Amino acid sequence: MPESALAGVVAEVGVAKPDAVIVADGVRRTFGGLVAVDVDHLEIQRGVITSLIGPNGAGKTTLFNCLTRFDRAQAGKWSFDGVALERKLAYQVPRHGLVRTFQLTRTMERLTVEENLLLAAPGNPGERILGAFLPPLWRSFERARMDAVDAQLERFRLDHMRNERAGALSGGQRKLLGMARALMTGPKAILLDEPMAGVNPALRQTLSEHILELRDDGLTVVLIEHDMDVVMNISDWVVCMAQGSVIAEGRPGDILADEAVVDAYLGARHGESATPDAEAEARVVEGPGVTDVSAPTSAQDPDSDSDSDRRTGPGAEDGDE
Amino acid sequence: MNLGSILLDSLRASVSINAVVYAMAGVGLNLQFGYGGLLNFGLVAFMLAGAYGVGIAVVEFGWSMWIGIPLGILLSVGVGLLFGLPTLRLRADYLAIVTIATGEILRLFVRSGPMQEEVNGVQIGGVFGYDGFANAFFAVNPYPAGNYGFGGFSFNERAMWVLTAGWGLVALLSLVVWILIRSPWGRMLRAVRDDEDAVRSLGKNVFNLKLQTLVLGGVIAAVAGMMQAVDQQAIRPDFFRTVVTFTVYTAVILGGKATILGPIVGSVVLWFLIQFTDGLLKYLVDIGWLNLASDQISGTRFALVGLALVLLVVFRPQGIVGRKEEVLLDA
């Protein structure tokens with residue numbers, strides 16, 4: 001069991017894990033004078049669910065972006081499953097088994113839902129320009145991937161939307177499509193950036209179960225999430241960031257009791273709770289009661305800044321078409 | 001002159017070599033811009049490379065025209081790499097700026113003094129360009145001398161051969177694009193137009209894909225440039241002004257971008273309109289309804305064509321054969 005895999009690991013910043021799949025050292029990303037990410041040492045245990053929490057602007061998404069090479073860290077070394085990633089290109093990272101989703105969902109709007117998933121299957125011979133001229137070659141490849149497509153569509157309840165253009169999906173459905181698509185790449189680990197944001201409460205519950213399932217299938221899951229109920233319920237390990245650095249890590253219970261986390265992120269309400277797990281579970285059953293814990297300090301927000309910049313980029317191009 | 005002959009002239013123009021050249025260049029541009037979202041404003045540079053490949057091979061080096069064709073294709077591949085390697089990692093608008101500038105630089109380069117020389121008392125290169133290099137093409141004309149067609153709608157054997165080869169190539173290259181677009185490669189390309197970071201996050205080499213698209217579309221445009229050069233048996237640097245690029249854009253958007261038939265329909269309709277407004281204005285001047293000098297006619301004609309295009313984009317932004325969703329999703 002994953003819980004026991006981390007048994008005996010001390011809840012302190014930078015602690016070594018018995019079977020670390022991601023190891024990061026000295027990762028530093030600054031925007032001008034603002035230090036967005038400055039992580040000394042962080043290990044992510046294989047095959048468990050690790051949550052990354054922290055106030056807006058803590059550098060969680062920027063850390064994701066750096067690790068997956070969507071952003072350039074100024075310094076640092078990190079590896080995934082023994083492969084050094086800091087010199088890889090963004091498209092090479094998923095080929096090593098580390099796939100990520102985006103906070104603001106990115107959808108291939110003019111492709112159908114099914115095409116979105118088929119696109120994600122790796123090694124399609126028809127994606128090479130010469131292979132494209134040999135339909136029998138890639139048709140048989142794609143037929144063989146149909147079972148996987150069906151399974152993902154069913155898992156995320158998108159089967160009825162299969163032949164719709166992805167542009168017709170709602171915000172929550174796009175989020176699900178993003179996850180389904182990432183899973184189609186056959187990853188060893190998946191980085192989920194706020195998978196619950198914009199998803200309705202009933203679906204959150206299902207999504208939580210799916211994430212647990214992924215772990216039980218042997219996947220390493222790292223998620224950024226503001227919904228503390230979800231975090232406390234499904235995480236095996238929690239890492240809390242503030243102002244670019246990791247300020248605490250530990251099992252969910254350890255984190256709730258950590259003074260630095262309470263000060264920087266949670267506020268007094270969660271800190272007072274004596275039995276966090278029971279309380280969290282009760283709240284999930286209640287549904288959409290207390291959800292997001294908003295940040296006390298959000299004057300500067302490199303997370304959403306970098307993402308919204310990306311969005312305006314392609315958006316502006318589209319306007320020209 | 002009467003309305004019937006104006007219509008016949010316009011129909012002839014709509015299948016003319018001009019329509020062939022703009023349709024073929026449009027097929028290339030449609031791959032880059034329509035399907036791939038690459039804002040290539042230097043399309044004419046690819047046409048220049050194709051034409052000059054043929055011209056240089058025959059006139060400068062004295063080679064066969066049939067060697068000039070692969071040389072032109074090679075040159076256009078070079079232009080594609082020149083455009084793409086430094087800019088494709090950047091956002092699309094950088095590609096637009098670099099291509100429009102590089103296209104002009106190429107034209108100014110080939111018309112510059114050092115490119116000019118005197119061979120056997122004849123000036124070639126530079127502003128003089130090249131002449132008479134396509135005899136090998138007309139030597140294999142399968143059409144016997146004579147007129148083909150009916151009444152006013154007829155072509156001589158030379159035009160028939162150029163048009164047959166031209167439209168044949170347009171069909172062939174459209175087929176190539178059609179096969180590519182409905183393949184997984186094409187799906188990846190359409191995905192990149194929507195969100196290239198998402199495609200990258202799935203492990204696809206987006207840079208490679210965009211470079212392939214730029215080069216392949218460019219080679220198609222280069223063939224269009226060759227076709228024009230062969231028909232005229234002449235190359236002048238000033239054939240390859242930026243306005244050519246934008247006229248090809250007009251044809252593609254008019255017909256419907258990101259459709260197989262769009263560039264062809266667009267070019268045919270565009271050249272029909274250009275000829276028809278010209279004929280109509282001259283007719284109206286002849287019968288005394290309009291009072292325009294001949295130089296005013298050509299100006300007025302392009303103003304009217306422009307107005308027609310504006311109306312089309314307002315009322316049918318997806319183009320003549322385009323799909324509405326393509327445009328709506330951009331909003």
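A residue counts as buried when its relative accessible area is under 20%, as exposed when that area is over 50%, and as partly exposed in between. By that rule, 56% of the 321 residues of chain A are buried. The structure is a predicted model, and what follows was computed from it.

Start with chain A. It holds 13 helices and 10 strands. Now take the contacts between residues with a separation of 6 or more in chain A. Residues 24 or more positions apart account for 67% of them.

A:Phe64 gives a local view of chain A. This residue sits in helix α2, residues 60-67. Its relative accessible area is 1%, so A:Phe64 is buried. Which residues does A:Phe64 touch, once those up to four places away in sequence are set aside? They are A:Leu52, A:Arg100, A:Leu191, A:Leu192, A:Asp193, A:Val222 and A:Ile224. One of these, A:Leu52, is 12 residues from A:Phe64 along the chain. The C-alpha atoms of that pair are separated by 9.9 Å.

Next, the loop between β4 (75-80) and β5 (83-84) of chain A. A:Asp81 lies there. Its phi is positive, near 55 degrees, in a residue other than glycine. Is A:Asp81 buried or partly exposed? Its relative accessibility is 29%, so it counts as partly exposed.

Further along chain A comes helix α6, residues 171-184. Its 14 residues should span 20 Å at 1.5 Å a residue. The end C-alpha atoms are 20 Å apart, which agrees. Why can α6(A) be called largely enclosed by the rest of the structure? Because 13 of its 14 residues are buried. A:Gly186 follows the helix, with a positive phi near 65 degrees.

Helix α7 of chain A covers residues 201-216, and A:Gln205 is in it. With a relative accessible area of 36%, A:Gln205 is partly exposed. That value falls between the cut-offs of 20% and 50%. A:Val230 is 25 residues away from A:Gln205 along the chain. The C-alpha atoms of the two are separated by 8.4 Å.

Now turn to chain B. It has 14 helices and 6 strands. Buried residues make up 53% of its 331 residues. For that number of residues, a compact globule would have a radius of gyration near 20 Å. Chain B has 21 Å, so it agrees with the globule rule. Along the principal axes, its C-alpha atoms fill a box of roughly 65 × 55 × 35 Å.

The accessible surface of chain B is about 13,600 Å². Carbon and sulfur atoms hold 67% of that surface. Its charged side chains number 21 positive and 20 negative. The centres of those two sets lie 9 Å apart. As for contacts in chain B, consider those between residues at least 6 apart in sequence. Of these, 73% join residues at least 24 apart.

Helix α3 of chain B runs over residues 43-60 and has 18 residues. How far does α3(B) reach from its first C-alpha to its last? The reach is 25 Å, close to the 26 Å expected at 1.5 Å a residue. Of its 18 residues, 16 are buried, so α3(B) is largely enclosed by the rest of the structure. Just after this helix, B:Gly62 takes a positive phi of about 70 degrees.

The loop between α4 (65-87) and α5 (92-110) of chain B contains B:Arg89. This arginine has a relative accessible area of 55%, so it is exposed. B:Val206 is 117 residues from B:Arg89 along the chain, yet their C-alpha atoms are separated by 9.0 Å.

The last stop is the loop between α10 (206-232) and β6 (234-235) of chain B. B:Gln233 lies in that loop. Its phi is near 55 degrees, a positive value in a residue other than glycine. Is B:Gln233 buried or exposed? Its relative accessible area is 16%, so B:Gln233 is buried.

Notes: Residues are numbered from 1 along each chain as its sequence is written. Chains are lettered from A and ligands numbered from 1 in the order in which they are written. This is a predicted model: local features need pLDDT of at least 70, side-chain atom pairs count only at pLDDT 80 or more; totals for chains, interfaces and linings use all residues. Side-chain values use heavy atoms; hydrogens and water are left out. Helices (H or I, at least four residues) and strands (E, at least two) are DSSP runs, numbered from the N terminus. The expected span of a helix is 1.5 Å times one less than its number of residues. Buried means under 20% relative accessible area, exposed over 50%, partly exposed in between (1.4 Å probe, protein chains only). The radius of gyration is taken over C-alpha atoms; the globule rule is 2.2 Å times the number of residues to the power 0.38. Contact means heavy atoms within 4.5 Å. Accessible areas come from the Shrake-Rupley method with a 1.4 Å probe; for residues, only the protein chains shown count as cover. Lys and Arg count as positive and Asp and Glu as negative; His and the chain ends are not counted. The place of a charge is taken as NZ of Lys, CZ of Arg, CG of Asp or CD of Glu.
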